[in-house]
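Thanks, everyone, for making the time.

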Amino acid sequence: MYFGEKVCLRALEMSDLNKILEHWNTFAMRRFLGTALPCSENAERVWLEKATQYDPWKDGQIVLAVEDKNSKKFLGTVSLFGISKAFQRAELGIAIHNEEHMGKGYGTDAVKVMLWIGFHVLGLNSIYLYHAEFNDRGKRAYEKAGFKSIGAFRQAVYMQGAFHDLLAMDILKSEFLEEYPPGSFVGEASKT
Ligand SMILES: CC(C)(COP(=O)(O)OP(=O)(O)OC[C@H]1O[C@@H](n2cnc3c(N)ncnc32)[C@H](O)[C@@H]1OP(=O)(O)O)[C@@H](O)C(=O)NCCC(=O)NCCS
């Protein structure tokens, strides 16, 4: 369990299945995640069975639950995947599931804590991500967490009847360490 200002990142559990299913099939959220096809309970359970057991070095990925550090409410998931031992880099993915919980600082905080894990626990050197050009909220959250825009794949996303650019961002360990040097934390455990 690693803490930010507002969130705690903890292991994903099979008991999170119903919490995930509550908002996963919501177009307002899924349209930002590439294909937004309906996902069955069975498919989600099969995914969760694997995701709860990922080993970052063996499987090249890790998925953690994001929860409000005070209320313990489940907010979504954040992941590192495509973890490369050779190049010490990985891709970041995140989804805050309920629209009502978006725009409240949870995403930025969860990204910062996952960067902290990537750089201070896994020893990565760079972390990158992609976001659709219409995801202004995501772009702003990533910038606040320290990511920089580095380019675009043109017309790489098809959503709502049109092609959109897919924008790339990244952050280097040296840049993250300017704000969070060894020995620092993003946040502290909740006192409640
Ligand atoms: C993207 C996501 C992780 C961001 O997390 P979040 O908790 O909603 O974002 P935060 O509150 O930390 O920060 C959002 C910032 O964008 C701003 N913002 C919100 N809506 C916006 C919009 N429509 N356009 C531009 N900026 C917007 C907020 O004001 C805030 O910036 P500020 O602090 O300078 O005011 C979250 O919204 C989410 O999971 N969305 C759905 C799935 C998704 O997009 N996943 C990422 C795919 S790349």
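Predicted model: local features only at pLDDT ≥ 70, side-chain atom pairs only at ≥ 80, totals over all residues.

Which of the 20 residues around the ligand come nearest? They are Phe-32, Gly-107, Thr-108, Asp-136 and Arg-140, where a residue counts as near a molecule if its C-beta atom, placed from the backbone, lies within 6 Å of it. Residues are numbered from 1 along each chain as its sequence is written.

Staying with the ligand, the elements that give two or more residues to its shell are S5, H5 and helix H6 (136-145), and H6 makes the largest share with 5 residues. Helices here are DSSP runs of H or I with at least four residues, strands are runs of E with at least two, and both are numbered from the N terminus. By class, the shell has 9 nonpolar, 7 polar and 4 charged residues, with Ala, Val, Leu, Ile, Met, Phe, Trp, Tyr, Cys and Pro taken as nonpolar, Asp, Glu, Lys and Arg as charged, and the others, Gly among them, as polar.

Now to the sheet, which is open, has 8 strands in the order S1-S2-S3-S4-S5-S6-S8-S7, and shows mixed pairing; two strands pair if DSSP finds at least two bridges between them. Strands S1 (2-3) and S7 (148-159) stand at the edges, and because each has a single partner strand, one side of each is left without a neighbour in the sheet. Further in, S5 (residues 89-96) and S6 (residues 126-132) pair in the parallel sense over 3 bridges, and Ala-90 stands opposite Ile-127 in S6.

What about the nonpolar core? A core of this kind is a set of buried Ala, Val, Leu, Ile, Met, Phe, Trp, Tyr and Cys residues joined through C-beta atoms within 7 Å, and buried means that 20 or more other C-beta atoms lie within 10 Å of a residue's own. The largest one has 39 residues, of which Leu-9, Val-66, Ala-110, Val-111, Met-114 and Leu-115 touch the most other members. Its largest share, 8 residues, comes from H5. Leaving aside residues up to four places away in sequence, Met-114 touches Leu-9, Val-78, Leu-80 and Leu-92, contact meaning C-beta atoms, placed from the backbone, within 7 Å.

Terms used. Buried ≥ 20, exposed ≤ 12 C-beta atoms within 10 Å, placed from the backbone. Contact = placed C-beta atoms within 7 Å.
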